[in-house]
Amino acid sequence: MKVGIVGRKNDTGNYEAFLDRHQVSHLTSLSTSDLSTCQGLLFPGGGDITPAFFGERDRGSRSIDTELDILQLQALEYGVQNGLPILGICKGMQIINVGLGGSIIQDLPTADCHRYLGADQYHGVYNLTGSFLQRLYGETMMVNSAHHQGLGKLGTGLQVISRCPLDQCVEAVCHESLPIIGVQWHPERLDPAKTEIRGTALLSYFLSLAREEGF
């Protein structure tokens, strides 16, 4: 299986290294012609999404790259239309939500619990009973956090499967019928000194979706 990392090459080193560590073939591109050679798509973290794409004015969004947003949303549409397994990480989960018609809370009132402060912050989350995260990691776990925005209105077909108990911020979603999952945290750079969970289980689950879809 080859995974397409949907981002700019100079910003995706952590994700490439993550896949390399697990011996997963990959390429990094924003071109759907390149991505057509892949059997799954990974949407990485990054800056904030242009608010116009979810029908709002700028109310605290930062590090906006409209060209990148357009190309990522086009790649998401391609992936959805072709039934590709999709994993969104941090901004990547937010791209999935916006691409499916959802919205973003542009600056969480509780952002200090989540934002990057020279390093990832760590906090607990609870996983909904019966969700794939609950099966992988249990009912609660510690995750890393590096964001100041969160999901608002959910995109069509998405279901919340994990939340932060501090403020109910959405920490993970899955699609009700398509092989699409997203997490607000960063499985590619979890610190083993701060949490017992590993990104390997999430990556393995994502790869299993491709096998289930026959890729």
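A salt bridge here is a side-chain nitrogen of Lys or Arg within 4 Å of a carboxyl oxygen of Asp or Glu. Helices (H or I, at least four residues) and strands (E, at least two) are DSSP runs, numbered from the N terminus. Both K91 and D69 are buried, where buried means under 20% relative accessible area, exposed means over 50%, and partly exposed lies in between (1.4 Å probe, protein chains only).

Before going on, a word on what you are looking at. This is a predicted model, in which local features need pLDDT of at least 70 and side-chain atom pairs count only at pLDDT 80 or more, while totals for chains, interfaces and linings use all residues. Residues are numbered from 1 along each chain as its sequence is written, and side-chain values use heavy atoms, with hydrogens and water left out.

Now back to the charged pairs. Side chains of opposite charge can pair when their charged atoms come close. The structure holds 9 salt bridges in total. Another of them joins D120 to R189, whose closest N and O atoms are 2.8 Å apart. D120 lies in the loop between β5 (104-105) and β6, and R189 in the loop between β11 (180-183) and α6 (199-212), so this pair ties together parts that are 69 residues apart in sequence. D120 counts as buried at 13% relative accessibility, whereas R189 is partly exposed, with a relative accessible area of 29%.

E56 and R59 also form a salt bridge, and here the closest N and O atoms are 3.2 Å apart. E56 is partly exposed at 25% relative accessible area, and R59 counts as exposed at 55%. Elsewhere, R8, D65 and E67 are linked in a network of salt bridges.

R8 also leads us to T28, because R8 is among the residues that T28 touches: I5, G7, R8, K9, T12 and E16, leaving aside residues up to four places away in sequence (contact means heavy atoms within 4.5 Å). T28 belongs to strand β2 (residues 25-28) and counts as buried at 18% relative accessibility. Its side chain makes a polar contact of 2.7 Å with the side chain of E16. A polar contact is a pair of N or O atoms within 3.5 Å; within protein, one must be able to donate a hydrogen and the other to accept it, and residues adjacent in sequence count only if both atoms are side-chain atoms.

Next, follow the strands. Strand β6 (residues 121-127) pairs with strand β9 (residues 158-163) in the antiparallel sense over 2 bridges; two strands pair if DSSP finds at least two bridges between them. In this pairing, Y126 stands opposite R163 in β9. β9 also pairs with strand β10 (residues 170-175), again antiparallel, over 5 bridges, and there R163 stands opposite V170. The hairpin of β9 and β10 has 6 residues between the strands, and in it Q168 takes a positive phi near 65 degrees.

Finally, the cysteines. The count of disulfides comes to 0, a disulfide being a pair of cysteine sulfur atoms within 2.5 Å. C90 is in no disulfide, and the nearest cysteine sulfur, that of C169, is 9.7 Å away. C90 is buried, with a relative accessible area of 4%, and C38 counts as buried at 4% relative accessibility.
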